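Subject: Structure handover

Hello,

Here is the structure for you to take over. My notes on what was found in it follow below.

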Amino acid sequence: MEREKEQILYVVIPCYNEQEVLPETSKRLLEKMTSLIDRGMISGESKIMFVNDGSRDRTWEMIENLHDSNPIYLGVKLSRNRGHQNALLGGLMTAKEYADMVISMDADLQDDIDVVDQFVEKYYEGCEIVYGVRSARDTDTIFKKYTAEGFYKIINMMGGEVIPNHADYRLMSRRALEELENYKEVNLFLRGIVPMIGFKTDVVTYERQKRFAGESKYPLKKMLALAVDGITSLSIKPIRFIVFLGMFIFVCSIAMLIYSLVQHFLGNTSIGWTSLIVSIWAIGGLQLLAIGVIGEYIGKIYLETKERPKYIIERVLR
């Protein structure tokens, strides 16, 4: 894009019980924003926006203190805990009203703040969306590394378009955010929705660091829930898989019927206990799996039809 003047940048950081990392995160972000402003890369009206997602510790109190100490810090307080994706969306939609470009990142300092310069440069080159992609997963355990890689492969196989090794560290222009606002679904999976927007995009690679302090807000249970949400929010292929599986089992049942008739006419009428038990357990398990997958989709339809708000903002510090 033609650069007529410095554009306004907002950095949006969802926070849930982040009192241990907030002082260091705010300090490093302030240094980075000051550097960008001094070099004329962004406007002096640029801000750092912390979104408090119903924290139970001193997170909101610390955000208020930061805002009082320096107007570059802004705060958005949700009325209750709504989850990372909803908190992030609330911050993005609030920042959209004031910023030309918005960068979202986590508060734990695992995302490399130093590559913010590259995000901004690619924005000025005309990119509406810039994805932060991990160059390696060396800091992950072997279990997390292979499950994460498997997750991205499954999502893409199921028809969802996601960027491998990308979480929620990205830059979006105001135009892209305005289009994101048109996606009304309650079951949010931003990593899958943002690529649907289109426009000119690019990638910035970085090395993800270990969490600076505190505990991870995404234990195994939440990671599995996010994976299920991602698959069922982006694709109906699991239901189609059940249809083909049902057809396959039907063909197998025809084959077993023919086999039973042949054995009957040959005089071998004894039925094996093992084959009977295995068949019962196999069919029973497949039926429960099918009901579960269909139920997951029905549950999402139920939530969507209610049209409940994804988040409620209690207070904004500006």
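Which residues of α2 are buried? In α2, the buried residues are T59, W60, M62, I63, L66 and H67. The arc they cover around the axis is only 160 degrees, which puts them on the same side of α2. That arc is taken from the directions from the helix axis to the C-beta atoms. Here buried means under 20% relative accessible area, exposed means over 50%, and partly exposed is in between, with a 1.4 Å probe and protein chains only. Helices (H or I, at least four residues) and strands (E, at least two) are DSSP runs, numbered from the N terminus. D68 and S69 are exposed and sit on the face of α2 turned away from its buried side. The buried residues of α2 pack against β1, α1, β2, β3 (73–78) and β8 (313–317). As background, an α-helix has 3.6 residues a turn, so residues three or four places apart point the same way.

Before the rest, some notes on how to read this. The model is predicted, so local features need pLDDT of at least 70 and side-chain atom pairs count only at pLDDT 80 or more, while totals for chains, interfaces and linings use all residues. Residues are numbered from 1 along each chain as its sequence is written, and side-chain values use heavy atoms, with hydrogens and water left out.

The chain as a whole

There are 10 helices and 8 strands in the chain. Of its 318 residues, 44% are buried. The chain exposes about 17300 Å², and carbon and sulfur atoms supply 58% of that; accessible areas come from the Shrake-Rupley method with a 1.4 Å probe, and for residues only the protein chains shown count as cover. Among contacts (heavy atoms within 4.5 Å) with a separation of 6 or more, 84% are between residues 24 or more positions apart.

The cores

A nonpolar core is a set of buried Ala, Val, Leu, Ile, Met, Phe, Trp, Tyr and Cys residues joined through side-chain atoms within 4.5 Å. The largest one has 38 residues, and L9, I13 and F50 have the most contacts inside it. Two or more residues each come from β1 (9–15), α1 (22–38), β2 (47–52), α2 (59–69), β4 (101–104), α4 (116–124), β6 (166–173) and β7 (201–206). The largest share, 5 residues, is from α4. Leaving out residues up to four places away in sequence, I13 touches L29, I48, M49, F50, V51, M105, D106 and A107. There is also a second, separate core of 29 residues, which includes L92, V102, L188 and V194.

Helix α3

How many of the 12 residues of α3 are buried? The count is 12 of 12, and the helix is mostly covered. The 12 residues of α3 (residues 84–95) should span 16 Å at 1.5 Å a residue, and the end C-alpha atoms are 16 Å apart, which agrees. The expected span is 1.5 Å times one less than the number of residues.

T94 is in α3 and counts as buried because its relative accessibility is 11%. The T94 side chain reaches the backbone oxygen of G90 at 2.8 Å. This is a polar contact: a pair of N or O atoms within 3.5 Å, where within protein one must be able to donate a hydrogen and the other to accept it, and residues adjacent in sequence count only if both atoms are side-chain atoms. Leaving aside neighbours within four places in sequence, T94 is in contact with M49, V76 and I313.

Single residues in loops and strands

S55 lies in the loop between β2 and α2 and, at 17% relative accessibility, counts as buried. Not counting residues up to four places away in sequence, S55 touches C15, Y16 and N17. The side chain of S55 reaches the backbone oxygen of C15 at 3.4 Å.

Most residues other than glycine have a negative phi. L109, in the loop between β4 and α4, has a positive phi near 65 degrees. F199, in the loop between α7 (190–197) and β7, has a positive phi near 70 degrees. At 6% relative accessibility L109 counts as buried, whereas F199, at 31%, counts as partly exposed.

R134 is in strand β5 (residues 129–134) and counts as buried at 8% relative accessibility. R134 and E207 are 73 residues apart in sequence and 5.7 Å apart in space, C-alpha to C-alpha.

Regards
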